[in-house]
Amino acid sequence: MSDLVARTGRHQQRYEQGYRLIAGCIPFRFRDMEQNGGDTSEKIVEVLMINSTSGPGLLFPKGGWENDETVKEAAVREAIEEAGVRGDLVHFLGFYPLKSKTLQDEFSPEGLCRAAMFALFVKEELDCWPEQSRRKRSWLTIPEAIECCRHPWMRKALEEGFLKWHEGGMVSTINNDDE
């Protein structure tokens with residue numbers, strides 16, 4: 001049982017110009033991949049996705065950004081609550097608009113949301129976390145994640161945000177010696 005408790009309800013949610021504000025992240029790690037029968041090793045990047053509780057496909061952790069926290073605090077909180085991981089936010093990937101059928105309310109009757117997404121370098125996988133009874137974690141390569149991603153806006157964050165940042169060489173500058 002987890003000592004951590006997931007926040008629920010929308011009484012603390014942030015809204016801006018009819019949009020519910022969301023914070024999320026693309027958790028990632030480095031994994032050694034042996035080549036040539038173990039003679040050489042190459043580091044590959046894997047991203048962590050979780051199952052959706054409302055249908056098929058995989059997602060990145062995300063949720064409402066609340067009034068008593070910064071957007072970065074909200075993204076880190078969602079990673080802990082939904083995926084059971086802790087780490088460092090190392091890059092802002094951008095804002096991604098979305099329309100949600102399940103997030104319609106009096107402040108956003110059309111279900112409009114704007115998600116601030118970050119890259120989160122995972123330093124710890126928790127044995128217990130608030131949503132572990134409803135969530136399954138999956139480490140995937142970037143091509144696998146693109147294929148499995150449930151929402152187009154999350155795929156866009158992965159391809160146009162994370163992948164461009166990764167291909168630009170920025171991921172390799174992160175110190176991962178303590179793995």
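Modeller: Ten of the 13 residues of α1 are buried, so the rest of the structure largely encloses this helix. Please keep in mind that the model is a predicted one.

Colleague: Which residues of α1 are the buried ones?

Modeller: They are Val71, Ala74, Ala75, Arg77, Glu78, Ala79, Ile80, Glu81, Glu82 and Ala83. As a general idea, an α-helix has 3.6 residues a turn, so residues three or four places apart point the same way.

Colleague: Glutamate 82 is among the buried residues of α1. With which side chain does glutamate 82 make a polar contact?

Modeller: Its partner is the side chain of arginine 135, at 3.4 Å. Arginine 135 belongs to the loop between β7 (112-125) and β8 (137-141). A polar atom of the arginine 135 side chain also lies 2.8 Å from the backbone oxygen of asparagine 51.

Colleague: Is arginine 135 buried or exposed?

Modeller: A residue counts as buried under 20% relative accessible area. Arginine 135 has 11% relative accessibility and therefore counts as buried. Leaving aside residues up to four places away in sequence, arginine 135 touches Ile50, Asn51, Ser52, Thr53, Leu59, Glu82 and Trp129.

Colleague: Let us move to salt bridges. What is the general idea, and how many does the count come to?

Modeller: Side chains of opposite charge can pair when their charged atoms come close. In this structure the count comes to 14 salt bridges. One of them joins the side chains of arginine 114 and glutamate 16, at 2.3 Å from N to O. Arginine 114 is in strand β7 and glutamate 16 in strand β1 (residues 15-16), so this pair ties together parts that are 98 residues apart in sequence. Arginine 114 is partly exposed, with a relative accessible area of 23%, and glutamate 16 counts as partly exposed at 36%.

Colleague: What else does the charged end of arginine 114 do?

Modeller: The charged end of arginine 114 sits over the ring of tyrosine 19, 5.9 Å from the ring centre.

Colleague: Which residues are linked in a network of salt bridges?

Modeller: The network links Arg29, Arg31, Glu46, Glu125 and Arg137. Within this group, the side chains of glutamate 46 and arginine 31 meet at 2.7 Å, N to O. Glutamate 46 lies in strand β3 (residues 40-51) and arginine 31 in strand β2 (residues 19-35), so the bridge ties together parts 15 residues apart in sequence. Glutamate 46 counts as buried at 6% relative accessibility, whereas arginine 31 is partly exposed at 33%.

Colleague: How far apart are the closest N and O atoms of arginine 137 and glutamate 125?

Modeller: They are 3.8 Å apart, and the two residues form a salt bridge. Arginine 137 is in strand β8 and glutamate 125 in strand β7, so the pair ties together parts that are twelve residues apart in sequence. Both are partly exposed: arginine 137 has a relative accessible area of 22%, and glutamate 125 has 36%. Arginine 29, another member of the network, lies over the face of tryptophan 139, at 4.0 Å from the ring centre.

Colleague: Finally, how are aromatic pairs described, and how many does the structure hold?

Modeller: A pair of aromatic rings is described by the distance of the centres and the angle of the planes. The structure holds eight aromatic pairs. The rings of phenylalanine 30 and phenylalanine 121 have centres 5.7 Å apart and planes at 55 degrees, so that pair is tilted. Phenylalanine 30 lies in strand β2 and phenylalanine 121 in strand β7, so the pair ties together parts 91 residues apart in sequence. Phenylalanine 30 is buried at 10% relative accessible area, and phenylalanine 121 counts as buried at 3%.

Colleague: Which residues do ring pairs link into a cluster?

Modeller: The cluster consists of Phe28, Phe30, Phe121, Phe162 and Trp165.

How values were computed:
Residues are numbered from 1 along each chain as its sequence is written. This is a predicted model: local features need pLDDT of at least 70, side-chain atom pairs count only at pLDDT 80 or more; totals for chains, interfaces and linings use all residues. Side-chain values use heavy atoms; hydrogens and water are left out. Buried means under 20% relative accessible area, exposed over 50%, partly exposed in between (1.4 Å probe, protein chains only). Helices (H or I, at least four residues) and strands (E, at least two) are DSSP runs, numbered from the N terminus. A polar contact is a pair of N or O atoms within 3.5 Å; within protein, one must be able to donate a hydrogen and the other to accept it, and residues adjacent in sequence count only if both atoms are side-chain atoms. Contact means heavy atoms within 4.5 Å. A salt bridge is a side-chain nitrogen of Lys or Arg within 4 Å of a carboxyl oxygen of Asp or Glu. Rings of Phe, Tyr and Trp (its six-membered ring) pair if their centres lie within 6.5 Å; planes under 30 degrees apart count as stacked, over 60 as edge-to-face and the rest as tilted. A charge sits over a ring if NZ of Lys or CZ of Arg is within 6 Å of the ring centre and within 35 degrees of the ring normal.
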